[in-house]
Amino acid sequence: MPSPIVIRPVMRRDFEQWLPLWDGYNAFYGRSGETALPGEITQMTWSRFFDAYEPVHALVAESEGQLLGLVHYLFHRNTTSIAPNCYLQDLFTTQTSRGKGIGRALIEGVYERARAAGSGRVYWLTHETNHTAMKLYDKVGERSGFVVYRKMF
């Protein structure tokens, strides 16, 4: 019988297992090797999870002491409601754990925390070529119809 998956907040002791997940997530989006994020960004991201003044949070999926996935999310104000919005920023599972409900469980974990925080909305972005993830996203959310524009500096 498969071991249960536990979705829980990340803990400081998780860094050594979180880091390969974070690196895998970034590599998926082309941030590896010469284009890898600077170490300072990874360290700042990690430290934000443990700073009570930061709106950035992390959950992990764990089974038998092994981390199988991560999700990072943040709360922010908006101009169309009093309650904060919840932005699900990063979602990643190990290759061997895909298709086993871990991504869905991590998203549901964010939904639970958003409801507890009084947020009326969770939203996220994915690349238009990420068809595998979109199969899941189409089951757990709805497409907003908005197109994202950006300017990098």
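A pocket is here an open set of points on a 1 Å grid over the protein atoms alone, with protein on both sides within 12 Å along at least five of seven lines. The views below show a predicted model.

**View 1. The largest pocket and the residues at its centre.** The largest pocket of the model has a volume of about 1600 Å³. Its lining is made up of 37 residues. Nearest the centre of this pocket lie Y87, W124, L125, T126 and V148. Sorted by class, the lining holds 19 nonpolar residues, together with nine polar and nine charged ones.

**View 2. Helices and strands around the largest pocket.** At least two lining residues of the largest pocket come from each of α1 (15-28), α2 (39-48), β4 (85-93), β5 (122-123) and α4 (131-140). The element that gives the most to this lining is α4, with four residues.

**View 3. The second largest pocket and the residues at its centre.** The space in the second largest pocket amounts to about 570 Å³. It is lined by 25 residues, and T93, R98, A133, L136 and Y137 are those nearest the centre. The lining divides into 12 nonpolar, nine polar and four charged residues.

**View 4. Helices and strands around the second largest pocket.** The elements α1, β4, α3 (102-116) and α4 each supply at least two residues of the lining of the second largest pocket. Here β4 gives the most, with six residues.

**View 5. The helix pair α3 and α4.** The axes of α3 and α4 come within 11 Å of each other and cross at roughly 40°. Angles under 35 degrees would count as roughly parallel, and 65 to 115 as roughly perpendicular; α3 and α4 are therefore oblique to each other. The crossing in which α3 passes α4 is right-handed.

**View 6. The helix pair α1 and α2.** In this pair, α1 and α2 pack at an angle of about 125°, and their axes are 12 Å apart. Roughly perpendicular covers 65 to 115 degrees and roughly antiparallel begins over 145, so α1 and α2 are oblique to each other. The crossing of α1 past α2 is right-handed.

View 7. An unreviewed UniProt entry places the feature "domain: N-acetyltransferase" at residues 5-153. In the model, the end C-alpha atoms of residues 5-153 lie 40 Å apart.

Technical notes:
Residues numbered from 1 in each chain as written. Predicted model: local features only at pLDDT ≥ 70, side-chain atom pairs only at ≥ 80, totals over all residues. Heavy atoms only, no water. 1 Å grid on protein atoms, 1.4 Å probe; cavity = no way out; pocket = protein on both sides within 12 Å on 5 of 7 lines; lining within 4 Å. Points joined across faces, edges and corners; volume = space filled by probe spheres on them. Nonpolar A, V, L, I, M, F, W, Y, C, P; charged D, E, K, R; others polar. UniProt positions renumbered as here; feature names shortened; annotations may be inferred. Axes fitted to C-alpha atoms, helices over the stretch in contact; angles between N-to-C directions. Left-handed = near helix turned anticlockwise from the far one by under 90°.
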